[in-house]
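Subject: Structure handover

Hello,

Here is the structure we talked about. Please open it and read the notes below alongside it.

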Amino acid sequence: MTDLLRIGQNWLAGKLKTHASQSVTYKRDSAEAELQATIGRSTYQQDDGEGIITRSQVRDFLIDTSDLVSSSIGSLPRRGDRIHQSDGENTIVYEVMSLGGEPPWRFSDPFRLKLRIHTKQIDTISP
Amino acid sequence: MTTILQIADSVTAQLNAATLSQTFEAERLYVPNFDLEDMKELRVSVVPREVQFLPMDRSLSRYHGKIDIAVQKKFSDGDNVEIDPLVGLVEEIADTFRLKRLDSLVAARCIEVENSVLYSTEHWEQLRQFTSLLTMTFELAK
C-alpha cells in the first residue's frame, strides 16, 4: 500500500533542502563532508552549575540522514562532531552536544529522513 | 576592604604567583559568567562565597570565610589524556592552600578544603566543558 505520509514527508524534505538550506562543513576528527543543512532553531542558553554560569548560542541543523550517512562521515551524528558555517568573512564553529535533557540529535520526522542535530557555538574563525 | 574580599584577593594573588603544572590568570569574580566560546583557555575564578562568625572568647570571634575556586576549560575529546591534567591541577591548587596561611594575609589560615564538585556532570554533558569547584575555608580571629 502506498504510504502517502511518507511520500509527502519526502517531498517536504526535498523542498527544504532545495529552497531553505545552505552549505555547511560537517567534521569528525580528520573526516569532513560538505552537506546542505537547514537551520532549525537558534536560541541563547545559559547553563548554571553551582553558581558558575556559561552562556552559549544554541543552533539546530537539519540534515538529510542519507546525506550524512553516505558521506565520508559515514554514520549518524556523535557528540563532539563539529559543523562549520560561513557567516560573511567569518566561519562559525558549532559542536554537537546535548541540549537540556535531550540527546545531541534525533530524527526530526517519523520516517527518519532528516536529522535534527543540536549544537552550541564554540568558536569563530576570522580570516 | 572587607575581610572576605581581602581573603579572595590574597588567594587570587597567591594563585597567580604559584608555579603550577598549567599556566593561567586567576580572576576574582562575584559570578563567573562566560561564553562557551571563551572557554578554550583554562579559566580559574576566585569567588567569595560565605562568611560565618563563631564564638571564640568574650571579645573575639572565629571568622570563617569561604572561597570558591572554579577551574574551567572546554575540552575536545574529554578523554583521560585531556582531563587528568585538569583534575591534577585542582589538587595542586588545593595543596597550595591546605592548612597554610595566606602569604599576604597571614592571620588567615586555610582550615578546610572541599572538592564537592570534582567535575560538573551537567557542564560535561551540556557544554562538553570541565568545571571543577574547590571550596576553601579560611579562619582568623576577628
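In this predicted model, β5(B) and β6(B) pair in the antiparallel sense over two bridges. Pairing needs at least two DSSP bridges between two strands. Strands are DSSP runs of E, at least two residues; helices are runs of H or I, at least four; both are numbered from the N terminus. Leu102(B) has Leu105(B) of β6(B) as its bridge partner.

The sheet is open and mixed, with six strands of chain B in the order β1-β3-β4-β7-β6-β5. α2(B) lies across β4, β5, β6 and β7 of chain B, at about 5° to β7(B). Angles run from 0 to 180 degrees between N-to-C directions of lines fitted to C-alpha atoms, for helices over the stretch in contact. Contact means heavy atoms within 4.5 Å.

Now the core. A nonpolar core joins buried Ala, Val, Leu, Ile, Met, Phe, Trp, Tyr and Cys through side-chain atoms within 4.5 Å. Buried is under 20% relative accessible area (1.4 Å probe, protein chains only). The largest core has 33 residues; Leu15(B) is among those touching the most other members. α2(B) gives the largest share, seven residues.

Residues are numbered from 1 along each chain as written, chains are lettered from A and ligands numbered from 1 in written order. Local features need pLDDT of at least 70, side-chain atom pairs 80 or more, while totals for chains, interfaces and linings use all residues; side-chain values use heavy atoms, without hydrogens and water.

Best wishes

Terms used. Buried < 20%, exposed > 50% of the residue type's maximum accessible area, 1.4 Å probe, protein only.
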